[in-house]
Amino acid sequence: KKERQRPVRVYMDGCFDLMHYGHANALRQAKLLGDQLVVGVVSDEEIVANKGPPVLSMEERLTLVSGLKWVDEVIPNAPYEITEEFMNTLFSKYNIDYIIHGDDPCLLPDGTDAYALAKKAGRYKQIRRTEGVSSTDIVGRILQTFKHKEGVNENAGVKSCDQMKTQLSNFLPTSRRIMQFSNGQAPSPGARVVYIDGAFDLFHAGHVEILRSARQLGDFLLVGVHDDQSIREKRGYPPIMHLHERTLGVLACRYVDEVIIGAPLEVSRDMVCYKFL
Ligand code: CTP
């Protein structure tokens, strides 16, 4: 990389609907394949045509993607398919060297590969898809949670509880993953540390905004993520994403410096004085 005149620029696109740590992990890996990461956020119309309607709007999806610490630039309203025309625009206007996607097949409605042209041009690279999470799975979890909450037992199309449990257990929180998402930086001496806490369930555009505002109040942002049991007791139903998943969602945000994994609901004097680092 060092002998090159200009930085290596890589492009990854996606819908990033109900953005989760699987998406964040994809972008983290993509960034490692170059120096600058440009992300194309697929337009609402293109998602409707290729996958069905998204849950989040273009604006919300853009806020979420731009808030990730590995993202350098975003291209709104990107196409779903890498067409010849769009590929040339990526090369000439955005100086893209490589187009990246996860190792899952990405097919167009006619069954052809959305990245076929990029592959043919020798400008395609792949990252490993993160197991155990997807937007579809999250929608399933939401339906499951509210089905129980409302006491509705009959609902065709919603997976059985056993199936859900299997899905939930697919995610294995490892210390390595947490390290990959962490900044690993302690606050410098005299830094003003800002503390904000919450559930941060289904990390959304409002979370990005509040974390940005909180970070602006000081030099170092410490986020307390409440544990599953406290959330369940407080709101009467469990969080959709469990503690480790919520922690990764928060850590992926560019405004966050450090996270307390399983913070108490009450901010005590002890905690404020706690030398956490
Ligand atoms: N991705 C990933 N791991 C996941 C989900 C997505 O690595 N668990 C990657 C995809 O391979 C793609 C990028 O994230 O390169 C954007 O994915 P997106 O277009 O949003 O859609 P899906 O692949 O369908 O992801 P999901 O099912 O979560 O919507």
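Biologist: Is N95 buried, partly exposed or exposed, and why?

Modeller: The general idea is a count of neighbours: a residue is buried if 20 or more other C-beta atoms lie within 10 Å of its own, exposed if 12 or fewer, and partly exposed in between, with C-beta atoms placed from the backbone. N95 counts as partly exposed because it has 14 C-beta neighbours inside 10 Å. N95 is found in the loop between helix 4 (84–92) and strand 4. Helices (H or I, at least four residues) and strands (E, at least two) are DSSP runs, numbered from the N terminus.

Two remarks on provenance belong here. Residues are numbered from 1 along each chain as its sequence is written. This is a predicted model, in which local features need pLDDT of at least 70, side-chain atom pairs count only at pLDDT 80 or more, and totals for chains, interfaces and linings use all residues.

Biologist: What is the phi of N95?

Modeller: Most residues other than glycine have a negative phi. In N95, which is not a glycine, phi is positive, near 55 degrees. F16 also is a residue other than glycine with a positive phi, of about 50 degrees. F16 lies in the loop between strand 1 and helix 1, and F16 is buried because 27 other C-beta atoms lie within 10 Å.

Biologist: How much of the chain is buried, and how many helices and strands does the chain have?

Modeller: Of the 277 residues of the chain, 34% count as buried. The chain has twelve helices and eight strands. One of the helices is helix 9 (residues 205–216), where S213 lies. S213 is exposed because it has 12 other C-beta atoms within 10 Å. The C-alpha atoms of S213 and Y255 are separated by 8.9 Å, and these residues are 42 residues apart along the chain.

Biologist: Which strands are joined to strand 4?

Modeller: Pairing is read from bridges: two strands pair if DSSP finds at least two bridges between them. Strand 1 and strand 4 run parallel and are joined by three bridges; here V10 has Y98 in strand 4 as its bridge partner. Strand 4 and strand 5 (residues 124–127) also run parallel, with four bridges between them, and I99 stands opposite Y124 in strand 5.

Biologist: How many bridges join strand 6 to strand 7?

Modeller: Six bridges join strand 6 (residues 193–198) to strand 7, and these strands run parallel. V194 stands opposite L221 in strand 7. Strand 7 (residues 220–226) is mostly covered, with six of its seven residues buried.

Biologist: Which residues does D13 touch beyond its neighbours in sequence?

Modeller: Two residues are in contact if their C-beta atoms, placed from the backbone, lie within 7 Å. Leaving aside residues up to four places away in sequence, D13 touches V39, G40, V42 and A78. D13 is found in strand 1 and counts as buried because it has 25 C-beta neighbours inside 10 Å. D13 and V39 are 26 residues apart in sequence, yet their C-alpha atoms are 5.4 Å apart in space. For the chain, among contacts between residues at least 6 apart in sequence, 75% join residues at least 24 apart.

Biologist: How many residues surround the ligand, and which are the closest?

Modeller: A residue is near a molecule if its C-beta atom, placed from the backbone, lies within 6 Å of it. Here 17 residues surround the ligand, and the closest are G14, G22, G102, S134 and S135. Strand 1 (9–14), helix 1 (21–32), strand 4 (98–102) and helix 6 (135–150) each supply at least two residues of this shell. Helix 1 gives the largest share, three residues.

Biologist: How many residues of the shell are nonpolar, polar or charged?

Modeller: Ala, Val, Leu, Ile, Met, Phe, Trp, Tyr, Cys and Pro count as nonpolar, Asp, Glu, Lys and Arg as charged, and the others, Gly among them, as polar. The shell around the ligand has five nonpolar, nine polar and three charged residues.
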